[in-house]
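Please look through the protein below with this briefing beside you. The notes begin with the chain as a whole and then turn to its parts, topic by topic.

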Amino acid sequence: MGRKGGGGSAPPPPDPAATARAQAQANREAAIAQAQINMVNQVTPFGNLEYTQRGTAPDGTPQYTATQTLSPQQQAIADQNQAAALAYGETGNQLMGRIRNMVATPVDLATLGTAPTYDAAFRDTTRQNIINRLNPTWDQRRAALETQLANQGITQGSTAYSNAMADFNRGFNDFLLGADLQSGQEAGAEYGRQYGARQNAINEAYLPRTQELNTLAALMSGSQMQGPQFVNTPQTGVQPADVTGATALQYQGQLANWQANQQANNAMMGGLFGLGGSALGGWAGAGFPKFW
(Lines give C-alpha, C1' and ligand atoms only; values in the text may rest on other atoms or scores of the structure.)
Protein backbone atom coordinates (compact mmCIF):
# COMPACT_ATOMS: atom_id res chain seq x y z
CA MET A 1 0.00 0.00 0.00
CA GLY A 2 1.37 3.44 -0.90
CA ARG A 3 2.23 6.28 1.56
CA LYS A 4 -0.76 8.27 2.74
CA GLY A 5 -1.03 11.97 2.17
CA GLY A 6 1.15 14.26 0.13
CA GLY A 7 2.09 17.93 -0.05
CA GLY A 8 5.65 17.83 -1.34
CA SER A 9 8.99 17.83 0.47
CA ALA A 10 9.79 19.80 3.61
CA PRO A 11 11.24 23.31 3.00
CA PRO A 12 15.03 23.27 2.84
CA PRO A 13 16.81 24.79 5.89
CA PRO A 14 18.50 28.18 5.38
CA ASP A 15 22.09 28.21 4.19
CA PRO A 16 24.27 29.11 7.28
CA ALA A 17 26.98 30.66 5.14
CA ALA A 18 24.51 32.84 3.26
CA THR A 19 22.83 33.83 6.50
CA ALA A 20 26.19 34.77 8.04
CA ARG A 21 27.10 36.87 5.00
CA ALA A 22 23.78 38.65 5.16
CA GLN A 23 24.17 39.31 8.90
CA ALA A 24 27.72 40.61 8.37
CA GLN A 25 26.48 42.97 5.66
CA ALA A 26 23.74 44.24 7.99
CA ASN A 27 26.29 44.75 10.78
CA ARG A 28 28.59 46.68 8.44
CA GLU A 29 25.79 48.92 7.18
CA ALA A 30 24.69 49.63 10.76
CA ALA A 31 28.26 50.49 11.78
CA ILE A 32 28.67 52.86 8.84
CA ALA A 33 25.34 54.53 9.62
CA GLN A 34 26.25 54.92 13.28
CA ALA A 35 29.65 56.44 12.44
CA GLN A 36 28.09 58.89 9.98
CA ILE A 37 25.45 59.97 12.51
CA ASN A 38 28.05 60.55 15.23
CA MET A 39 30.47 62.54 13.06
CA VAL A 40 29.02 65.96 13.81
CA ASN A 41 31.03 68.97 12.70
CA GLN A 42 31.65 71.49 15.50
CA VAL A 43 32.19 75.24 15.39
CA THR A 44 33.45 77.03 18.54
CA PRO A 45 34.93 80.47 19.27
CA PHE A 46 38.35 78.80 19.61
CA GLY A 47 38.30 76.60 16.52
CA ASN A 48 36.42 74.12 14.36
CA LEU A 49 36.24 70.35 13.96
CA GLU A 50 35.26 68.96 10.57
CA TYR A 51 34.88 65.38 9.32
CA THR A 52 35.56 64.66 5.62
CA GLN A 53 35.58 61.38 3.74
CA ARG A 54 39.05 60.72 2.38
CA GLY A 55 38.23 57.51 0.52
CA THR A 56 37.13 53.94 1.06
CA ALA A 57 38.70 50.77 2.38
CA PRO A 58 39.23 47.77 0.07
CA ASP A 59 35.85 46.36 1.17
CA GLY A 60 34.09 49.62 0.31
CA THR A 61 33.79 50.94 3.88
CA PRO A 62 34.08 54.76 3.86
CA GLN A 63 37.07 56.27 5.67
CA TYR A 64 37.05 59.74 7.22
CA THR A 65 39.48 62.36 8.46
CA ALA A 66 38.81 64.64 11.46
CA THR A 67 40.41 68.07 10.92
CA GLN A 68 40.80 70.64 13.71
CA THR A 69 41.37 74.27 12.77
CA LEU A 70 42.07 77.13 15.19
CA SER A 71 40.48 80.53 15.13
CA PRO A 72 42.80 83.31 13.85
CA GLN A 73 43.46 84.50 17.41
CA GLN A 74 44.17 81.02 18.72
CA GLN A 75 46.34 80.25 15.70
CA ALA A 76 48.41 83.37 16.44
CA ILE A 77 48.84 82.23 20.05
CA ALA A 78 49.82 78.76 18.87
CA ASP A 79 52.40 80.19 16.48
CA GLN A 80 53.92 82.32 19.25
CA ASN A 81 54.00 79.39 21.64
CA GLN A 82 55.69 77.20 19.06
CA ALA A 83 58.26 79.90 18.33
CA ALA A 84 58.94 80.29 22.06
CA ALA A 85 59.24 76.52 22.48
CA LEU A 86 61.70 76.43 19.60
CA ALA A 87 63.76 79.21 21.18
CA TYR A 88 63.66 77.41 24.52
CA GLY A 89 64.91 74.26 22.85
CA GLU A 90 67.77 76.02 21.04
CA THR A 91 68.89 77.78 24.22
CA GLY A 92 68.58 74.55 26.15
CA ASN A 93 70.79 72.74 23.64
CA GLN A 94 73.46 75.42 23.99
CA LEU A 95 73.26 75.23 27.77
CA MET A 96 73.39 71.44 27.61
CA GLY A 97 76.79 71.69 25.93
CA ARG A 98 78.16 73.79 28.80
CA ILE A 99 76.68 71.44 31.40
CA ARG A 100 78.14 68.41 29.62
CA ASN A 101 81.60 69.92 29.82
CA MET A 102 81.07 70.92 33.44
CA VAL A 103 79.90 67.55 34.70
CA ALA A 104 82.69 65.80 32.84
CA THR A 105 84.98 66.98 35.65
CA PRO A 106 83.84 65.78 39.11
CA VAL A 107 83.85 68.20 42.02
CA ASP A 108 87.06 67.71 44.01
CA LEU A 109 86.00 67.67 47.65
CA ALA A 110 89.59 66.99 48.69
CA THR A 111 90.24 70.71 48.43
CA LEU A 112 87.91 71.17 51.40
CA GLY A 113 90.11 69.10 53.68
CA THR A 114 89.08 66.09 55.73
CA ALA A 115 85.56 65.82 57.05
CA PRO A 116 85.19 66.98 60.66
CA THR A 117 84.82 64.45 63.48
CA TYR A 118 83.96 64.65 67.15
CA ASP A 119 87.15 66.00 68.82
CA ALA A 120 87.80 64.20 72.13
CA ALA A 121 90.97 66.21 72.68
CA PHE A 122 88.99 69.42 72.39
CA ARG A 123 86.54 68.06 74.98
CA ASP A 124 89.35 67.14 77.42
CA THR A 125 91.05 70.51 77.01
CA THR A 126 87.79 72.30 77.62
CA ARG A 127 87.12 70.20 80.73
CA GLN A 128 90.55 70.96 82.13
CA ASN A 129 90.14 74.67 81.45
CA ILE A 130 86.87 74.68 83.41
CA ILE A 131 88.52 72.88 86.34
CA ASN A 132 91.58 75.12 86.28
CA ARG A 133 89.42 78.22 86.25
CA LEU A 134 87.42 77.17 89.36
CA ASN A 135 90.05 75.20 91.28
CA PRO A 136 91.23 78.32 93.24
CA THR A 137 87.68 78.87 94.39
CA TRP A 138 87.38 75.28 95.62
CA ASP A 139 90.76 75.56 97.37
CA GLN A 140 89.54 78.65 99.19
CA ARG A 141 86.34 76.87 100.20
CA ARG A 142 88.35 73.91 101.52
CA ALA A 143 90.62 76.16 103.57
CA ALA A 144 87.67 78.10 104.96
CA LEU A 145 85.92 74.84 105.96
CA GLU A 146 89.04 73.54 107.72
CA THR A 147 89.43 76.86 109.62
CA GLN A 148 85.75 76.75 110.60
CA LEU A 149 86.07 73.20 111.90
CA ALA A 150 89.23 74.06 113.86
CA ASN A 151 87.55 77.08 115.44
CA GLN A 152 84.70 74.78 116.48
CA GLY A 153 87.17 72.38 118.12
CA ILE A 154 86.56 69.66 115.51
CA THR A 155 89.84 67.98 114.83
CA GLN A 156 90.97 65.76 111.99
CA GLY A 157 90.09 62.11 112.50
CA SER A 158 86.89 62.87 114.36
CA THR A 159 83.51 61.78 113.04
CA ALA A 160 82.28 65.35 112.71
CA TYR A 161 85.39 66.31 110.73
CA SER A 162 85.02 63.29 108.43
CA ASN A 163 81.34 64.04 107.79
CA ALA A 164 82.00 67.69 107.01
CA MET A 165 84.79 66.85 104.57
CA ALA A 166 82.67 64.13 102.94
CA ASP A 167 79.97 66.70 102.21
CA PHE A 168 82.61 69.04 100.77
CA ASN A 169 84.07 66.29 98.56
CA ARG A 170 80.62 65.35 97.23
CA GLY A 171 80.13 68.95 96.17
CA PHE A 172 83.53 68.97 94.49
CA ASN A 173 82.69 65.70 92.63
CA ASP A 174 79.44 67.25 91.43
CA PHE A 175 81.49 70.15 90.12
CA LEU A 176 83.73 67.71 88.21
CA LEU A 177 80.69 65.95 86.71
CA GLY A 178 79.35 69.31 85.64
CA ALA A 179 82.66 70.07 83.99
CA ASP A 180 82.43 66.75 82.09
CA LEU A 181 78.91 67.55 80.89
CA GLN A 182 79.71 71.11 79.85
CA SER A 183 82.90 70.14 78.02
CA GLY A 184 81.02 67.39 76.13
CA GLN A 185 78.34 69.86 75.07
CA GLU A 186 80.91 72.38 73.90
CA ALA A 187 82.75 69.68 71.94
CA GLY A 188 79.47 68.65 70.25
CA ALA A 189 78.68 72.25 69.38
CA GLU A 190 82.14 72.66 67.88
CA TYR A 191 81.64 69.52 65.76
CA GLY A 192 78.28 70.84 64.53
CA ARG A 193 79.85 74.17 63.61
CA GLN A 194 82.63 72.51 61.63
CA TYR A 195 80.20 70.10 59.94
CA GLY A 196 77.90 72.97 58.94
CA ALA A 197 80.81 74.95 57.55
CA ARG A 198 81.88 71.98 55.45
CA GLN A 199 78.35 71.43 54.13
CA ASN A 200 78.17 75.07 53.11
CA ALA A 201 81.47 74.69 51.30
CA ILE A 202 80.18 71.58 49.47
CA ASN A 203 76.99 73.39 48.48
CA GLU A 204 79.01 76.29 47.14
CA ALA A 205 81.18 73.88 45.15
CA TYR A 206 78.09 72.36 43.52
CA LEU A 207 76.20 75.65 43.17
CA PRO A 208 77.33 76.48 39.60
CA ARG A 209 76.21 73.06 38.38
CA THR A 210 72.93 73.28 40.25
CA GLN A 211 72.16 76.70 38.80
CA GLU A 212 72.87 75.53 35.25
CA LEU A 213 70.75 72.39 35.65
CA ASN A 214 67.85 74.36 37.14
CA THR A 215 68.03 76.83 34.28
CA LEU A 216 68.02 73.98 31.75
CA ALA A 217 65.02 72.34 33.45
CA ALA A 218 63.12 75.64 33.35
CA LEU A 219 63.88 76.07 29.65
CA MET A 220 62.86 72.51 28.74
CA SER A 221 59.54 72.88 30.59
CA GLY A 222 58.47 75.98 28.68
CA SER A 223 54.80 76.71 28.06
CA GLN A 224 52.97 74.09 26.02
CA MET A 225 50.38 74.85 23.35
CA GLN A 226 46.81 74.02 24.28
CA GLY A 227 44.44 72.86 21.55
CA PRO A 228 40.77 73.83 21.33
CA GLN A 229 38.43 71.96 23.60
CA PHE A 230 35.53 70.47 21.64
CA VAL A 231 32.33 69.34 23.28
CA ASN A 232 31.53 65.65 23.37
CA THR A 233 29.38 64.65 20.44
CA PRO A 234 26.18 62.80 21.46
CA GLN A 235 26.59 59.15 20.54
CA THR A 236 23.68 57.55 18.72
CA GLY A 237 23.56 53.76 18.61
CA VAL A 238 22.23 52.01 15.51
CA GLN A 239 21.35 48.35 16.00
CA PRO A 240 21.93 46.16 12.94
CA ALA A 241 19.03 44.16 11.50
CA ASP A 242 18.74 40.69 13.05
CA VAL A 243 19.09 38.80 9.78
CA THR A 244 19.92 35.53 11.51
CA GLY A 245 16.86 35.70 13.75
CA ALA A 246 14.57 36.75 10.90
CA THR A 247 15.84 33.93 8.69
CA ALA A 248 15.30 31.40 11.47
CA LEU A 249 11.75 32.68 12.10
CA GLN A 250 10.96 32.55 8.37
CA TYR A 251 12.17 28.96 8.14
CA GLN A 252 10.19 27.97 11.24
CA GLY A 253 7.06 29.50 9.65
CA GLN A 254 7.61 27.65 6.39
CA LEU A 255 8.20 24.41 8.24
CA ALA A 256 5.07 24.92 10.34
CA ASN A 257 3.00 25.57 7.20
CA TRP A 258 4.36 22.46 5.54
CA GLN A 259 3.58 20.37 8.62
CA ALA A 260 0.03 21.77 8.72
CA ASN A 261 -0.46 20.95 5.03
CA GLN A 262 0.82 17.44 5.64
CA GLN A 263 -1.63 16.92 8.46
CA ALA A 264 -4.52 18.31 6.37
CA ASN A 265 -3.65 16.06 3.41
CA ASN A 266 -3.38 13.02 5.64
CA ALA A 267 -6.79 13.78 7.19
CA MET A 268 -8.40 14.24 3.76
CA MET A 269 -6.99 10.98 2.42
CA GLY A 270 -8.14 9.16 5.53
CA GLY A 271 -11.67 10.48 4.99
CA LEU A 272 -11.71 9.38 1.38
CA PHE A 273 -10.65 5.88 2.28
CA GLY A 274 -13.42 5.77 4.87
CA LEU A 275 -16.07 6.80 2.35
CA GLY A 276 -14.86 4.20 -0.14
CA GLY A 277 -15.18 1.41 2.39
CA SER A 278 -18.73 2.36 3.28
CA ALA A 279 -19.77 2.41 -0.37
CA LEU A 280 -18.38 -1.02 -1.05
CA GLY A 281 -20.15 -2.41 1.99
CA GLY A 282 -23.49 -1.07 0.75
CA TRP A 283 -23.08 -2.58 -2.65
CA ALA A 284 -22.48 -6.01 -1.17
CA GLY A 285 -25.68 -5.85 0.90
CA ALA A 286 -27.72 -5.00 -2.18
CA GLY A 287 -27.11 -8.37 -3.80
CA PHE A 288 -23.99 -7.62 -5.77
CA PRO A 289 -21.81 -10.69 -6.11
CA LYS A 290 -18.88 -10.98 -3.76
CA PHE A 291 -15.49 -11.72 -5.12
CA TRP A 292 -13.92 -12.92 -1.85
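This is a predicted model: local features need pLDDT of at least 70, side-chain atom pairs count only at pLDDT 80 or more; totals for chains, interfaces and linings use all residues.

Residues are numbered from 1 along each chain as its sequence is written, and side-chain values use heavy atoms, with hydrogens and water left out.

**Overall make-up**

- The protein has five helices and three strands, where helices (H or I, at least four residues) and strands (E, at least two) are DSSP runs numbered from the N terminus.
- Read from the N terminus on, the order of these elements is α-β-β-β-α-α-α-α.
- The protein exposes about 20500 Å² of surface, and carbon and sulfur atoms supply 57% of it; such accessible areas come from the Shrake-Rupley method with a 1.4 Å probe, and for residues only the protein chains shown count as cover.
- Among the contacts (heavy atoms within 4.5 Å) with a separation of 6 or more, 75% are between residues 24 or more positions apart.

**The strands**

- Strand S1 (residues 42-44) and strand S2 (residues 47-56) run antiparallel and are joined by three bridges; two strands pair if DSSP finds at least two bridges between them.
- S1 and S2 form a hairpin with two residues between them, and Val43 stands opposite Asn48 in S2.
- S2 is also joined to strand S3 (residues 62-70), by nine bridges, and these two strands run antiparallel.
- Within this pairing, Tyr51 has Ala66 in S3 as its bridge partner.
- The hairpin of S2 and S3 has five residues between the strands, and there Gly60 takes a positive phi near 95 degrees.

**Salt bridges**

- The structure holds four salt bridges, a salt bridge being a side-chain nitrogen of Lys or Arg within 4 Å of a carboxyl oxygen of Asp or Glu.
- One of them joins the side chains of Asp124 and Arg123, at 3.3 Å from N to O; Asp124 is partly exposed because its relative accessible area is 41%, and Arg123 is likewise partly exposed, with a value of 29%.
- Another joins Arg127 to Asp180, with the closest N and O atoms 2.0 Å apart.
- Because Arg127 lies in helix H3 (residues 120-151) and Asp180 in helix H4, this pair ties together parts that are 53 residues apart in sequence.
- Arg127 is partly exposed, with a relative accessible area of 25%, and Asp180 also counts as partly exposed, at 33%.
- A further salt bridge is the one in which the side chains of Arg193 and Glu190 meet at 2.6 Å, N to O; because they are three residues apart in helix H4, about one helical turn separates Arg193 and Glu190.
- Glu190 is partly exposed, with a relative accessible area of 21%.

**Two buried residues in helices**

- Ser183 is found in helix H4 and counts as buried because its relative accessibility is 1%.
- The side chain of Ser183 reaches the backbone oxygen of Asp180 at 2.9 Å, which falls under the heading of polar contacts (pairs of N or O atoms within 3.5 Å; within protein, one must be able to donate a hydrogen and the other to accept it, and residues adjacent in sequence count only if both atoms are side-chain atoms).
- Leaving aside its neighbours within four places in sequence, Ser183 is in contact with Arg123, Thr126, Arg127 and Ile130.
- Thr247 has its place in helix H5 (residues 243-285) and is buried, since its relative accessible area is 19%.
- With neighbours within four places in sequence again left aside, Thr247 is in contact with Pro14 and Thr19.

**A surface patch**

- Tyr118, Tyr191 and Tyr195 form a nonpolar patch on the surface, with about 290 Å² of accessible area together.
- Patches are made of residues with over 30% relative accessible area and no salt bridge, with like charges joined within 9 Å and nonpolar side chains (Val, Leu, Ile, Met, Phe, Trp, Tyr) within 5 Å.
- Tyr195 is found in helix H4 (residues 159-220) and counts as partly exposed, at 41% relative accessibility.

Conventions
Buried means under 20% relative accessible area, exposed over 50%, partly exposed in between (1.4 Å probe, protein chains only).
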